[in-house]
Amino acid sequence: MQEEEGLNENRLWAPFASEEEWGLAQWLMSSGLSQAEIDKYLKLGMVSSFISLLQNYKQSFLDKIDCLPRGPGWQCEIFKAVGDERDEEGRERVEVFELWKRDPIECIRELLSNPMFREHLQYAPERRYEDEWLKMPILSEMWSGAWWWTNDEVKTHEGATLVPVILASDKTQLSNFSGDKSAWPVYLSIGNISKAVRRSPSSHATVLIGYLPVSKMECFSKAKRSSSVYQLFHDCMRSLLAPLIKAGKEGVEMVCANGCVHEVYPVIAAYIADHPEQCLVACCRQNHCPRCLVRPDRRGHPIESPCLRDPVKTLSMIHETLQSGGYKPAGFEGTGLNAIDPFWKNLPYCDIFSCMTPDLLHQLHKGMFKDHTVKWATACANGKEDEVDRWFRAMPSHPDLRHFKRGISLVSQWTGNEYKQMENVFLGVIAGSAEADVVKAVRAIVDFIFYAQFETHTEESLLRLDEAWTRFHVHKQVFVRLGLRKDLNGIPKLHSMTHYIESIRLLGTADGYNSQGPERLHSDFAKVGYRASNRKQYIQQMTVWLDRQDAVRRFDNYLRWMKQDCISQLPSAQGGEEENGEDDEDDGGEDIDAYLSLGVSAARGNNNKYKISRKPTFPNTSVKTIVDNFCAPDFA
């Protein structure tokens, strides 16, 4: 059947008439053009003559795309809020909200059954060691952490599979210069897929499962507005994740990429968010830690064994407060809780406080480094900003380092990659410009950041991470002594670093949960779709646009698979003569499948790549100088 379809060109491209028509339809859908812009493009003389056989081609190709297979469909659920404010006629003000969602179980089924992930899926926890005595474990993927081993007992029988669910949510602005258009996407991935694949947007290993409503709740008075916004978030998340309750308790059968039917138990294991959203999920105030019970006035102190929040006790206090109509039991105020009915109370085996993952982007790169360490160290430098900028400009060129030609003080907006480039050289910039304790504190923070973003951890690297954290607390008082801070207790990002080692042991290394991933996905799942809409009821239009994008991607993958399958049926190239007449086993032994998977250039020779600096770091350097100054006696 596959052979027949591969040889029949008309059936291969169906429902499109030809490869050219499919190529045009694919480009129109992936270009991000709005419907009005597509109309303008199709009316161009050259294009209209090409598709003159169809009078209404735009609607025709949209109908064909809508016929293509796609993933889990979208549903809209209506929420209504009756506020305590009244309108001009004395009636209670009412607001209506739309929750757009997809079934998370079906999304998990799609991920587990995707053949592209077959070599990257893990169905059971795994322990690896760096020594032959099995005393020094290696931590990397989620299946190497303690969470999977601890929760693997939720399976009812041998052969069942635990699926650690990874959630991420982050509200993002859609309109650039005017308007107040926002979206609140919720993403889902699973810990069974390796973190390198999850981090790649093109792999589609992290999927969009919903758009939460964004509202300022103007139907409520200012006193009740914030709590109403919080409760709306939890009500929507409860509805969105409701299918996980039954599936987590009873299991659900799914066909996985290995060709076997597994009984799957999906359990929420990690939640990726910035600090305000972590506090929103944990039902606590933002001046408290969403993971532990440290007092706000102690967040700047090193705490070796912080008392973690207990989900059972937290739910008990919240329930008692809600049932009593506002009476707060003992310990409620001290733990910084909000009286919100949480979405996670019925989710099986879910410790939401342990699910809060380290955030390398907001907590370390942007938070502790750029917003605090750079600011403090610059203020401590002899020449302040001018001195720091001068040293950045004087930095010699290097192919692996960014050269900040204009310094850093005038840059108002930074990217995550620019933070990392600045971290590579900042210690060298500040050394000699500030007193010794400042340099030691900066080095401790930079060391912590570099150790924290390791892709693989051992007991030794975790010990180095803890030592860097300890060194910073030894030297941090220099910033208080120089008058830059009254104390360091009001910095939640500083306290969050306390939980890094614990989280790495529990869920694997922090690079698998960086919020930079969801930030990147906003472009694909929110902003491009918004620009393709007419800005009216844009969330609904975005879901339609995403459905069509998914259909186009699936059909393109199918065509690639069919082409490869048809080509692999051709006679092998191994038995023929070489075009260049040489009998080289590296050149003549490759078949057509190797060219498809590796590329022609890789199949024909060595694929090693070398980096050469565009501009030499030390131009016009004599041989004598190289021998004398760079300890290279054999260079001559």
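Me: How many disulfides does the structure hold?

Reply: This is a predicted model, in which local features need pLDDT of at least 70 and side-chain atom pairs count only at pLDDT 80 or more, while totals for chains, interfaces and linings use all residues. Residues are numbered from 1 along each chain as its sequence is written, and side-chain values use heavy atoms, with hydrogens and water left out. A disulfide is taken here as a pair of cysteine sulfur atoms within 2.5 Å, and the number that the structure holds is 0.

Me: Which residues form one aromatic cluster?

Reply: Rings of Phe, Tyr and Trp (its six-membered ring) pair if their centres lie within 6.5 Å, and planes under 30 degrees apart count as stacked, over 60 as edge-to-face and the rest as tilted. By this rule the structure holds 20 aromatic pairs. One cluster is made up of Phe 16, Trp 22, Phe 555, Tyr 558 and Trp 561.

Me: Over the ring of which residue does the charged end of Arg 127 sit?

Reply: A charge sits over a ring if NZ of Lys or CZ of Arg is within 6 Å of the ring centre and within 35 degrees of the ring normal. Arg 390 lies over the face of Trp 391, at 5.1 Å from the ring centre. The charged end of Arg 127 is 3.8 Å from the centre of the ring it sits over, that of Trp 149.

Me: Which helix gives the largest share of the lining of the largest cavity?

Reply: On a 1 Å grid over the protein atoms alone, a cavity is a set of points where a 1.4 Å probe fits but cannot get out, a pocket is an open set with protein on both sides within 12 Å along at least five of seven lines, and lining residues have an atom within 4 Å of a point. Grid points are joined across faces, edges and corners, and a volume is the space filled by probe spheres set on the points; the largest cavity has a volume of about 170 Å³. Among its 18 lining residues, Gln 278, Arg 291, Gln 363, Ser 496 and His 499 are the closest to the centre. With helices (H or I, at least four residues) and strands (E, at least two) taken as DSSP runs numbered from the N terminus, the largest share, 4 residues, comes from helix 20.

Me: Which element supplies the largest share of the lining of the second largest pocket?

Reply: The second largest pocket has a volume of about 540 Å³. Of its 27 lining residues, Lys 171, Trp 184, Ser 215, Val 229 and Leu 280 lie nearest the centre, and strand 7 (182-190), helix 10 (222-240) and helix 12 each give two or more residues. The largest share, 5 residues, comes from helix 10.

Me: Is Pro 616 buried or exposed?

Reply: Pro 616 is found in the loop between helix 26 (600-604) and helix 27 (623-629). Its C-alpha atom is separated by 7.4 Å from that of Ser 397, 219 residues apart along the chain. With a relative accessible area of 53%, Pro 616 is exposed.

Terms used:
Buried < 20%, exposed > 50% of the residue type's maximum accessible area, 1.4 Å probe, protein only.
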